[in-house]
Amino acid sequence: MRLFLLHPAGLKDTLALLSLSTIGVLVLPTAPAAQAKSYPLESAAGLRLHNVTAEPVVLQGKKGLRVTHSEEALRRLQSMTPDEQARFAQLAAIDGLQFSNGIIDAEIAGAPAPGAGEGARGFVGIAFRLQDDLTTYDAFYLRPTNGRADDQERRNHAVQYISHPDWSWSRLRKETPSQYESYVDLMPGVWTKIRIEVRGERARLYVHDQEQPTLIVNGLKTGPQAKGAVALWIDRGTVAHFRNLKVDASFRNDSK
């Protein structure tokens, strides 16, 4: 057996390197816990239904969840004024999920319900920062029948941002025309990929995996620090479908 002796200077350097290595191990940051969550939406389990019903179905060969108005909601809507109807929340909130900043991905489809009025557009979208009252939230939604309408003005209203209860689409359109709406190619009853990115008081809506956002909001009405649930959102006269919801809340608010 051979023994190797280190020169005192070499021994000193070796000990120094070992010490630095130990310190490095101690101060290395631990990997952040995964915060992305996936919801296939193949059943209504884990959803808090508010004025809607939800059931698993297959649309265009893909499993998802069909969301429509509850019978009670339809009765209540009939006795409301148009302004009250515009503020009437119809959604399915994800239980146990709190969201402030991050990314929401989903596949959604909307079409007018059988017998719906002329103003039905297949309204379908995602609400976020939803409060416990189930009426206070921000949302992006689609008007699928507007995407290929022969009227250019209708096309320009294909997607919409709202912030209930105070900032309905009608108020936003009246006070800030075209600022919270935009055009994108849409078809009713067809799966459509959307992505919502939220940072503080800024939000972006992406449609069809496009690199550039379809709609930009630089002043979310809930403010930069709001937090709440994520929900599947519909409006009156709609049969909506949702699948493959993913929520990633792993990045912080970097707004200034």
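This is a predicted model: local features need pLDDT of at least 70, side-chain atom pairs count only at pLDDT 80 or more; totals for chains, interfaces and linings use all residues.
Local features are reported at pLDDT of at least 70 and side-chain atom pairs only at pLDDT 80 or more, while totals for chains, interfaces and linings use all residues. Residues are numbered from 1 along each chain as its sequence is written, and side-chain values use heavy atoms, with hydrogens and water left out.

Leaving aside residues up to four places away in sequence, L245 is in contact (heavy atoms within 4.5 Å) with K37, S38, Y39, L41, I94, I104, D105, A106, I126 and L232.

**Backbone geometry**

Most residues other than glycine have a negative phi, and most peptide bonds are trans. L41 has a positive phi, near 60°, and is located in the loop between β1 (36-39) and β2 (47-50). L41 is buried, at a relative accessible area of 6%; buried means under 20%, exposed over 50%, and partly exposed in between, with a 1.4 Å probe and protein chains only. N244 also shows a positive phi, about 55°, without being a glycine. N244 belongs to strand β15 and is partly exposed, with a relative accessible area of 28%.

A cis peptide bond joins H164 to P165, with omega near 10°. P165 sits in the loop between β9 (159-164) and α5 (169-175).

**Pockets and cavity**

Rolling a probe the size of a water molecule over the atoms shows where empty space is left. On a 1 Å grid over the protein atoms alone, a cavity is a set of points where a 1.4 Å probe fits but cannot get out, and a pocket is an open set with protein on both sides within 12 Å along at least five of seven lines; lining residues have an atom within 4 Å of a point. Grid points are joined across faces, edges and corners, and a volume is the space filled by probe spheres set on the points. In the table, Ala, Val, Leu, Ile, Met, Phe, Trp, Tyr, Cys and Pro count as nonpolar, Asp, Glu, Lys and Arg as charged, and the others, Gly among them, as polar.

| Space | Volume | Lining residues by class |
|---|---|---|
| Largest pocket | about 550 Å³ | nine nonpolar, eleven polar, six charged |
| Second largest pocket | about 180 Å³ | four nonpolar, three polar, five charged |
| Largest cavity | about 50 Å³ | seven nonpolar, two polar, one charged |

The largest pocket is lined by 26 residues, of which G119, A120, F123, R236 and G237 are the closest to its centre. Helix α2 contributes the largest share of this lining, four residues.

The lining of the second largest pocket includes N244, along with D105 and A106. At least two lining residues come from each of β6 (102-112), β11 (192-199) and β12 (202-207).

The structure holds one cavity of 30 Å³ or more. Among the residues lining the largest cavity are H164, I162, W169 and W233, and β9 and β14 (229-234) each supply at least two of its lining residues.
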